[in-house]
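Walk me through this structure, one region at a time.

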2 protein chains.
Amino acid sequence: MKVLVVDVGGNNVKLLATGHREVRKVPSVPRFTPARMVAAVRNATADWSYGAVTIGFPAPVRDGRIVKEPVNLGRGWVRFDFRRAFGRPVRIINDAVMQALGSYRRGRLLFLGLGTGLGAALVLDGLTQPLEIAHLPYRDGWTYEELLGKDALDEVGKKRWRRFVFEIVPRLQAAFQVDEVVLGGGNSKLLTTLPKGCRRGDNKNAFAGGFRLWSDAKPGRRRPAPRKSARARRRPK
Amino acid sequence: MKVLVVDVGGNNVKLLATGHREVRKVPSVPRFTPARMVAAVRNATADWSYGAVTIGFPAPVRDGRIVKEPVNLGRGWVRFDFRRAFGRPVRIINDAVMQALGSYRRGRLLFLGLGTGLGAALVLDGLTQPLEIAHLPYRDGWTYEELLGKDALDEVGKKRWRRFVFEIVPRLQAAFQVDEVVLGGGNSKLLTTLPKGCRRGDNKNAFAGGFRLWSDAKPGRRRPAPRKSARARRRPK
């Protein structure tokens, strides 16, 4: 079956269908709604044929449903009927999970998406598990996303941001007890070297993950589904 | 097949075999070595018959092998030949993973063991995954274990410790995107109420997990495998 993969990001929606090699993009306009997204996607792919759709979406997804409105887009995504709007079966998956699935080779993988925010997912023996670690506190009141996301990069510059990556990623790798870490997302390109046990992701992997979601190759698998502060330490109240 | 489950803890080694109901204990003497442990266990269970052994062990275990010496016991555990010492097939599993497996019902579970330290594990559709989150920093330079472990409890008292539990556990629950959290370990008894979506563990579940490891019920499964700080916030160097 031919599949259209729709990778929804904060700046663009990227599109690729089975049998095509050229990725198309439509901009994620401000206050982007699902109806506008579907209209733009159908318009941009009017000459492509496909029997099913995968949507990689930047918000928590549970059992194939968006469960929380996205931070960087408009509203109305949770209740929207994508199947009806596309007129085809649709599978929705968290965008980090989609990239993780596409990057996966074997064993146990932690995927970290270094983009506007910080996406994360596990793949364990082919089974995907979304993670929402971006907003966990990490150090001195800063969350992981506040140190590894785009705002941090813009504010502190590449050099210090790379230092954050080299401090934090090995800790997460140890915490999750994985065989390897894939560093994806647009900003992974800014890393000239990678921490040990890491491999760089490729944005094409998002599409690979989207296609893989409809393949029958993995029956029985769930589809989609510091350093211590130097100052005086006092346990918080 | 009759199985002996050996649950190694910092204070005691707890023992139960198929067909028995009474848990036996031998003390974990200071500088406990694997040879002393096996001798004590064989001595304490001389009247029990069993054809295989599960060892739940408080250190990282990978593919059935202890990969790091334990913090609270003696040395020599990594290279010790347990199969030879017991004269029977032995499966070794991280102790938190064993309890998680025994506590598991369905869906996606995060197990947190509130004991001397902080053990953690995931069970996703029956697949177990160890976690080593205890030593990740959480807030103001304190790690999760330094806020939820026994030392914290002794130092700050039950009331504040419970507050830490109610602050941290829901965050981990959201980060790991699980259906439920099981709070096990000896100190979980000190909680009079539990955060939403949590269930209390039972130490018997450790044995259930140890037996389950040898059952054929799950073919194809890997066996064993802030609140923001109020003060001035400055990104760390």
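Axes here are lines fitted to C-alpha atoms, for helices over the stretch in contact, and angles run from 0 to 180 degrees between N-to-C directions. The model is a predicted one. Two packed helices are described by the angle between their axes and the distance between the axes.

Take the helix pair in chain B. The axes of α3(B) and α6(B) lie 6 Å apart, and the helices pack at an angle of about 90°. Angles of 65 to 115 degrees count as roughly perpendicular, so α3(B) is roughly perpendicular to α6(B). From α3(B), the contact draws on M98(B), Q99(B), L101(B), G102(B) and S103(B). From α6(B) come N205(B), A206(B), A208(B), G209(B), G210(B) and R212(B). By type, the residues of this contact of α3(B) with α6(B) are four nonpolar, six polar and one charged.

Now look at α6(B) by itself. It spans residues 204–212 of chain B. Its buried residues are N205(B), A206(B), F207(B), G209(B) and G210(B). What do the buried residues of α6(B) pack against? They meet β1, β2, β4 and α3 of chain B.

One pair shows the detail. Strand β1 of chain B covers residues 3–8, and strand β2 of chain B covers residues 12–17. The two run antiparallel and are joined by five bridges. Within this pair, V5(B) stands opposite L16(B) of β2(B).

Next, follow the chain past α3. Y104(B) sits in the loop between α3 and β8 (108–114) of chain B. Is Y104(B) buried or exposed? Its relative accessibility is 7%, so Y104(B) counts as buried. One reaches the backbone oxygen of G107(B) at 2.8 Å. Another reaches the backbone nitrogen of D125(B) at 3.5 Å. Y144(B) is 40 residues from Y104(B) in sequence, and 23 Å separates the two in space, C-alpha to C-alpha.

Further along chain B is another loop residue. N187(B) lies in the loop between β13 (180–184) and β14 (198–200) of chain B. Its relative accessible area is 14%, so N187(B) is buried. Leaving out residues up to four places away in sequence, N187(B) touches L114(B), G115(B), K150(B), L153(B) and W161(B).

Finish in chain A. S28(A) is in the loop between β3 (24–27) and α1 (34–44) of chain A. How is S28(A) classed, buried or exposed? At 11% relative accessibility, S28(A) counts as buried, because the cut-off is under 20%. Which residues does S28(A) touch, not counting residues up to four places away in sequence? They are G9(A), G10(A), N11(A), N12(A), V13(A) and L73(A). For N12(A), the side chain of S28(A) reaches the backbone nitrogen at 3.4 Å.

Key:
Residues numbered from 1 in each chain as written. Chains lettered and ligands numbered in written order. Predicted model: local features only at pLDDT ≥ 70, side-chain atom pairs only at ≥ 80, totals over all residues. Heavy atoms only, no water. Pairing = 2+ DSSP bridges. Helix = DSSP H or I, 4+ residues; strand = E, 2+ residues; numbered from the N terminus. Buried < 20%, exposed > 50% of the residue type's maximum accessible area, 1.4 Å probe, protein only. Polar contact = N/O pair within 3.5 Å; in protein donor to acceptor, adjacent residues only side chain to side chain. Contact = heavy atoms within 4.5 Å. Parallel < 35°, antiparallel > 145°, perpendicular 65-115°, else oblique. Nonpolar A, V, L, I, M, F, W, Y, C, P; charged D, E, K, R; others polar.
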